[in-house]
Amino acid sequence: MNLRRRAFTLIELLVVIAIIGVLIALLLPAVQSAREAARRAQCLNNLKQLGIALHTYHDANGTFPLGRTIPFDTSFSSIARILPYVEQATVASALNFDLSWSGLDNRTVTTTNLELLLCPSDTAELPMGWGGTNYRVNEGTSVVMWHGASDPSGVNAGLPAPNGLFFASVGIKAANIRDGLSQTAAFSEHVLGDFDNTRATREGDTFWPQTYPANADEAVQLCRNMDWRDLQFQRVSDVGAPWTYGYHSTTSYWHSGPPNSVSCMFPPSRIMTIANSRHPGGVNVGMADGSVRFIKETVALETWRALGTRNGGEVISADAF
């Protein structure tokens with residue numbers, strides 16, 4: 001009796017492999033989308049905790065924390081000041097605000113990475129000894145690094161005063177936020193830098209167009225006109241660390257330029273570090289009332305700037321986002 005062996009033909013095997021490949025191609029974007037949704041939710045939760053801590057700090061001290069201070073070596077960030085209010089009292093107790101943030105006495109804290117301060121969508125690896133943060137405080141819509149008392153040479157005397165929730169050596173009270181807490185940004189995001197000045201990273205680096213803007217609109221245009229890939233415009237790549245340091249490349253951002261655009265600096269004393277993220281299409285923003293929202297990168301610049309001011313008198317419609 002003849003026995004016939006049954007087996008797949010090569011064509012049948014190829015068809016099965018093709019079907020599996022199609023199924024994987026269809027499912028992979030859905031899986032990636034679900035993972036990013038979870039990462040964004042965690043990021044929103046981090047901002048929510050920072051917003052609650054901000055108000056707890058205000059209740060205890062009568063003002064929101066300073067954005068930063070002068071001189072540079074004792075310029076501690078707002079985030080460092082609210083640590084006791086995000087269940088990080090042990091870390092906070094190891095900080096000495098009377099000494100340099102970079103000194104040996106503060107090095108243990110400076111090099112500590114806190115899960116609360118890192119967005120899971122940003123997978124950049126920090127160099128050893130750098131504690132990083134993806135979250136920054138809003139300094140408003142001007143392009144001033146220093147102003148008033150912090151600008152003794154008067155470089156920025158002719159520019160609009162800082163109008164965000166934080167600034168150098170200035171403590172803002174809730175009563176000073178005349179636009180309303182729910183209409184004013186307190187925190188947003190910025191990706192970590194590449195810590196390498198031999199290569200340009202659009203989102204992570206701060207660039208120097210080697211020009212000097214007279215206002216925020218000109219700063220935006222000058223930054224757009226620059227080829228950020230050209231290393232002659234490379235300026236700061238040590239971005240987002242250490243989180244203890246109150247500075248434009250570490251813990252502050254401005255609403256002068258649109259989200260997810262290029263960050264630029266214009267020495268002396270003018271700056272346009274913007275909000276950006278690894279989330280597709282926009283950035284998370286923590287509002288001054290403690291609420292959080294996702295703002296699309298296509299938001300009108302006028303609306304984005306309105307969110308950045310505490311006392312501009314703008315009216316933001318509910319459908320503006």
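Predicted model: local features only at pLDDT ≥ 70, side-chain atom pairs only at ≥ 80, totals over all residues.
**Arg 39 and Glu 36**

I began with helix H1, where Arg 39 and Glu 36 sit three residues apart, which means about one helical turn lies between them. (Helices are DSSP runs of H or I of at least four residues, strands are E runs of at least two, and both are numbered from the N terminus.) The two side chains form a salt bridge, with 3.3 Å between the closest N and O atoms. I count a salt bridge when a side-chain nitrogen of Lys or Arg is within 4 Å of a carboxyl oxygen of Asp or Glu. Glu 36 is buried at 13% relative accessible area, while Arg 39 is partly exposed at 30%. My cut-offs: buried is under 20%, exposed is over 50%, partly exposed is in between, with a 1.4 Å probe and protein chains only.

Residues are numbered from 1 along each chain as its sequence is written, and side-chain values use heavy atoms, with hydrogens and water left out.

**The Arg 278 network**

Next I looked up the other salt bridges; the structure holds seven. Asp 122, Glu 203 and Arg 278 are linked in a network of them. Asp 122 meets Arg 278 at 3.9 Å, N to O. Asp 122 is in the loop between helix H4 (107–110) and S1, and Arg 278 in the loop between S7 and strand S8 (282–287), so this pair ties together parts 156 residues apart in sequence. Arg 278 also bridges to Glu 203, with the closest N and O atoms 3.7 Å apart. Glu 203 belongs to the loop between S2 and S3, 75 residues from Arg 278.

**Two open sheets**

I then traced the strands, calling two of them paired if DSSP finds at least two bridges between them. S1 (135–138) runs antiparallel to S2 (185–189), and three bridges join them. Tyr 135 has Glu 189 as its bridge partner in S2, and Arg 136 stands opposite Ser 188. With S5 (252–253), S1 pairs in the parallel sense over two bridges; there Asn 138 partners Tyr 253.

The other open sheet has four strands, ordered S4-S3-S6-S7, also with mixed pairing. S4 (234–236) and S7 (270–272) have a single partner strand each, so one side of each lacks a neighbour in the sheet. S3 (206–207) and S4 are antiparallel over two bridges, and Phe 207 partners Gln 234.

Back in helix H1 (10–61), I found Leu 14, partly exposed at 49% relative accessibility. The protein as a whole has six helices and nine strands. Of its 321 residues, 49% count as buried. I also wrote down the box that its C-alpha atoms fill: roughly 105 × 45 × 45 Å along the principal axes.
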